[in-house]
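Student: Please take a single part of this model and go through it closely. Start with the chain stretch you would check first, and then follow the connections to other parts.

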Amino acid sequence: MSKESGGSTGLTYKDAGVDIDAGTELVRRIAKMAPGIGGFGGFFPLGDFYLVAGTDGVGTKLKLAFETGIHETIGIDLVAMSVNDIVTSGAKPLFFLDYFATSHLDVDLAEKVIKGIVDGCQQSDCALLGGETAEMPDFYAKDEYDLSGFAVGIVKKDSVIDGKNIVAGDVLIGLPSSGVHSNGFSLVRRVLARSGLSLKDQLPGAAVTLGEALMAPTVIYVKQVLDIIGKGGVKGIAHITGGGFTDNILRVFPKGLGAVIYNNSWNLPPVFKWIQQAGNIENAEMRRTFNMGIGMVLVVSKEASQRILEDANGAYNIGEVVNGESVTYS
């Protein structure tokens, strides 16, 4: 990444209308009413197993789908955001349900979106169990729609990946992302407007357009992560979405532990270089908003790390667990 780019003209996620701190405060307040929430998935005991549930949407990436006309892959994003969350506990996704809402139902358009959802379910080896289509005149803008999804998985109680055994010296292994995935798009759209470029313009340093780079579907890590877990040595897993490394990695650590991320230990995708430069965004803001090219972080024992790095295609050793309660970079 570039050096810190300060100055009052640098864009932030909050400038774009998204306040991560407010979201964190809401979770804190809800946790008082419903103890046990706050992880990547919700647990429901069922005999010797837990059902693990997650829900999410695609956010304002939908705005770019409307502008680019790329609707075939947005359903993959929808599935990914839920199944990638629940697999962090070691749970295998069982089924998925979707909610598609629009002002006026365009059957051909809806079919494209649903095909993406089916594709996402196939990639995560889960069933598309059903869903809901809501036609709501005057509620959504013409030719626009909204999406949300719900996934449920299962894991044996004695096989849960919960981070409790993480210790200083454990290794952080990063699995590469396909790009921005499905968060941070309110800031991306603000950067795009400032840059003067269009979604049809070429992404600097790459052989694709900005629209193609930004609409790249979220990687579904389910099969890869379950395969790695099955071989042992995995102590904790963090899905890197809103909050970036700064917030998400610490969610799986016991109290008193933090992380050091090794600078330049993986290849930074060109799309993030462009976002930072065009928006004059500080490093700290980038790291707290975007996945920066790493969509999933596995916390593993030092003994298992080399084997996992050799077996996991494209994985990186990106850091280590240390004493303290923050994420730092060196």
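Tutor: Helices (H or I, at least four residues) and strands (E, at least two) are DSSP runs, numbered from the N terminus. On that basis, aspartate 143 sits in the loop between strand 4 and strand 5, and this loop is where I start. The model is predicted, so local features need pLDDT of at least 70 and side-chain atom pairs count only at pLDDT 80 or more, while totals for chains, interfaces and linings use all residues. Residues are numbered from 1 along each chain as its sequence is written, and side-chain values use heavy atoms, with hydrogens and water left out.

Most residues other than glycine have a negative phi. Aspartate 143 has a positive value, with phi near 70°. Aspartate 138 is not a glycine either, and its phi is positive at about 75°. The loop that holds aspartate 138 runs between strand 4 (127-135) and strand 5. For solvent exposure, I use relative accessible area: under 20% is buried, over 50% exposed, and anything in between partly exposed (1.4 Å probe, protein chains only). Aspartate 138 comes to 80% relative accessibility and so counts as exposed. Aspartate 143, at 54%, is exposed too.

Tyrosine 145 is buried, whereas aspartate 143 is exposed. Rings of Phe, Tyr and Trp (its six-membered ring) pair if their centres lie within 6.5 Å; planes under 30 degrees apart count as stacked, over 60 as edge-to-face and the rest as tilted. The structure holds six such pairs. One of them joins phenylalanine 43 and tyrosine 50: the ring centres are 5.3 Å apart and the planes stand at 85°, so this pair is edge-to-face. Phenylalanine 43 has a relative accessible area of 39%, which means partly exposed, and tyrosine 50 is also partly exposed, at 25%.

The pair of phenylalanine 100 and tyrosine 145 is stacked, with 5.1 Å from centre to centre and 20° between the planes. Phenylalanine 100 is buried, as is tyrosine 145. Ring pairs also bring in Phe66, so that Phe66, Phe100 and Tyr145 form a cluster.

Tyrosine 145 leads on to isoleucine 74. Contact means heavy atoms within 4.5 Å. Leaving aside residues up to four places away in sequence, isoleucine 74 touches Val58, Lys61, Leu62, Ala65, Val113, Tyr145, Leu147 and Met215. Isoleucine 74 is part of helix 3 (residues 74-86), and its relative accessibility of 0% makes it buried.

The contact list of isoleucine 74 includes Lys61 and Leu62, and helix 2 spans residues 61-68. Helix 2 is one of the elements against which the buried residues of helix 5 pack; the others are helix 6 (210-214), helix 9 (270-279) and helix 10 (283-289). Helix 5 (residues 185-195) has Phe185, Ser186, Leu187, Val188, Val191 and Leu192 as its buried residues. Arginine 190 also has its place in helix 5, but with a relative accessible area of 37% it is partly exposed. Just after helix 5, glycine 196 takes a positive phi of about 80°.

In helix 9 the buried residues are Val271, Phe272, Trp274, Ile275, Gln276 and Gly279, and they pack against helix 5, helix 6 and helix 10. Between arginine 190 and isoleucine 275 there are 85 residues in sequence and 9.9 Å in space, C-alpha to C-alpha. Just after helix 9 comes asparagine 280, with a positive phi of about 50°.

For the overall setting, the protein has eleven helices and eleven strands. Its C-alpha trace spans about 55 × 50 × 40 Å along the principal axes. Of the 330 residues, 47% count as buried. Among contacts with a separation of 6 or more, 86% join residues 24 or more positions apart.
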